[in-house]
Amino acid sequence: MPDLHTDVAIVGAGPAGLMLAHLLHVAGIDSVVVDNRSHDDIATTHRAGILEAASVRMLETPGIDSRVHTAGHRHDGIDIRVDGVSHPLDFPDLVGESVWLYPQNEIYVDLAAARARTGRPTFHAVTDTRLDAVESQSPQVRAVTDDGEPLTVTARYVVGADGSRGPSRASIPETTRKRFFHEYPFAWFGILCEAPPSHEVLIYSRSARGFALISQRSDTVQRMYFQAPPDTEVADWSDDRIWTELQARVEGPDGFALRTGPIIDKTVLPFRSAVTEPMQHGSLFLAGDSAHTVPPTGAKGLNLAFADVAVLAPALVRALQDSDAEALARYSATATKRVWKAQNFSYQMTRMLHTDPTADPFEARRSLGELDSILTSDHGRRYLAECYTGWPHTTTIP
């Protein structure tokens, strides 16, 4: 296969990488995308499904033809249950915004179809991906295609949107990058089940038994989680035991009952927060999970990745079309401001709603006081709604 030359080489064909590729295409900037996963692997992996209003507006970009408004579901709030008592939050009333339930794999399907219509190349199922000469003005992405042919992509810029385990972050020298990391003393036991939704919006529940999240994926498939020790063995939990535990964590005087069905997937998810700074080095720029991860309590993971792209795409356009290198030089400083706001909210939601097995009695009661302060205050509820629905995107770099 001949060497390819392009404006921007994008490592990672998930939603962040493909959204960036589409925004660049609309602006007349060429790109090549590579990913070590197959199209089907990405399209069938169930991941986060809550989109902020600003993320939905990005999916409305001409040429994407997203199904977010036809196959997705608008949610006008969440329900926070504390010891079985519901505290519903009405987002439109509090902050004039909503969120959308639209699974990440469906976002990928939309964006992959949009990419295919542009006729520009996306290489799936590549192996041995590495980045070379990222400090130069001609960085390269090298890989082996799924048919065993060597692939070299030479670009002016490289964007790493390849997740927390991809090669891009490691291409920034250890002497340059800083990694901020926090591990939580609990995990989530997650299930996918075939059942109708138990409630019209997501339920976040704190009880003496620990946290539970009653989430959704579609009209027929639901996602639910409960807090568990990180060393929990999936095999130890029968379906009956899981449903009993989940129901106990949402039990309340209102008689709320979960709608149950066959469990089709079980998994244990560790809880971590991480940020890499800077999110750039030479001609390399990081976006999404390659630069930062958050616990899913605040529904910020994919939304943060899209927010990175909202900053990076116009900066790349300015650099390539207007020779404005300063726009890219300020990318990391601009993007990480939102990253740390999201880290704070995700940490706060996690600490308020979970039972920490390592906390002393004072901290356990203090976190309940923090939650009560927010839920019983108009200003507190508005703050939580603002953080959950998301802050306006920064689309230009000052």
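Modeller: Two strands are said to pair if DSSP finds at least two bridges between them. Strands are DSSP runs of E with at least two residues, helices are runs of H or I with at least four, and both are numbered from the N terminus. The model is predicted, so local features need pLDDT of at least 70, side-chain atom pairs count only at pLDDT 80 or more, and totals for chains, interfaces and linings use all residues. Residues are numbered from 1 along each chain as its sequence is written, and side-chain values use heavy atoms, with hydrogens and water left out.

Biologist: What makes strand β5 and strand β13 a pair?

Modeller: Four bridges link β5 (residues 77–82) to β13 (residues 203–207) in the parallel sense. The pairing rule asks for at least two, so these strands pair. Within this pair, I80 is opposite Y204 of β13.

Biologist: Which sheet has eight strands, and in what order?

Modeller: The order is β6-β5-β13-β14-β15-β12-β16-β19, in an open sheet with mixed pairing. Its edge strands are β6 (85–90) and β19, each pairing on one side only.

Biologist: Why are β3 and β4 said to stand at the edges of their sheet?

Modeller: That open sheet has three strands, in the order β3-β7-β4, and its pairing is antiparallel. β3 (50–51) and β4 (73–75) each have a single partner strand, so one side of each lacks a neighbour in the sheet. Three bridges hold the antiparallel pairing of β4 with strand β7 (residues 99–101). H73 has L101 of β7 as its bridge partner.

Biologist: What makes strand β11 mostly covered?

Modeller: The count of buried residues does. A residue is buried under 20% relative accessible area, exposed over 50%, and partly exposed in between, using a 1.4 Å probe and protein chains only. In β11 (residues 150–160), nine of the eleven residues are buried.

Biologist: How do you know which strands pair with β11, and in which sense?

Modeller: The bridges tell us. Strand β1 (residues 4–11) runs parallel to β11 over seven bridges, with T6 opposite A155. Strand β10 (residues 140–144) is antiparallel to β11 over five bridges, with A143 opposite L151. Strand β18 (residues 284–286) is joined to β11 by three bridges and runs parallel, with V159 opposite F285. The hairpin of β10 and β11 has five residues between the strands, and there G148 takes a positive phi near 85 degrees.

Biologist: Why is D128 called exposed, and why is A299 called buried?

Modeller: D128 has a relative accessible area of 60%, which is on the exposed side of the limits. A299 has 16%, so it counts as buried. D128 is in strand β9 (residues 127–132), while A299 is in the loop between β19 (292–293) and α7 (301–322).

Biologist: What phi do these residues have?

Modeller: D128 has a positive phi of about 55 degrees and is not a glycine. A299, also not a glycine, has a positive phi of about 55 degrees. Most residues other than glycine have a negative phi, and most peptide bonds are trans.

Biologist: How do you know the form of the peptide bond from E277 to P278?

Modeller: Omega is near -5 degrees, and the bond is cis. P278 lies in the loop between β16 (263–277) and β17 (280–281).

Biologist: Is N105 buried or exposed?

Modeller: The relative accessible area of N105 is 7%, so N105 is buried. N105 belongs to helix α5 (residues 104–118). Contact means heavy atoms within 4.5 Å. Neighbours within four places in sequence aside, N105 is in contact with I42, A43, T45 and H46.

Biologist: Why is α9 called roughly perpendicular to α10?

Modeller: Helix α9 (residues 331–353) and helix α10 (residues 361–375) pack at about 115 degrees, with their axes 8 Å apart. Axes are lines fitted to C-alpha atoms, for helices over the stretch in contact, and angles run from 0 to 180 degrees between N-to-C directions. Angles under 35 degrees count as roughly parallel, over 145 as roughly antiparallel, 65 to 115 as roughly perpendicular, and the rest as oblique. That makes α9 roughly perpendicular to α10.

Biologist: Which residues make the contact?

Modeller: Q348, R351, M352 and L353 come from α9, and S367, E370, L371 and I374 from α10.
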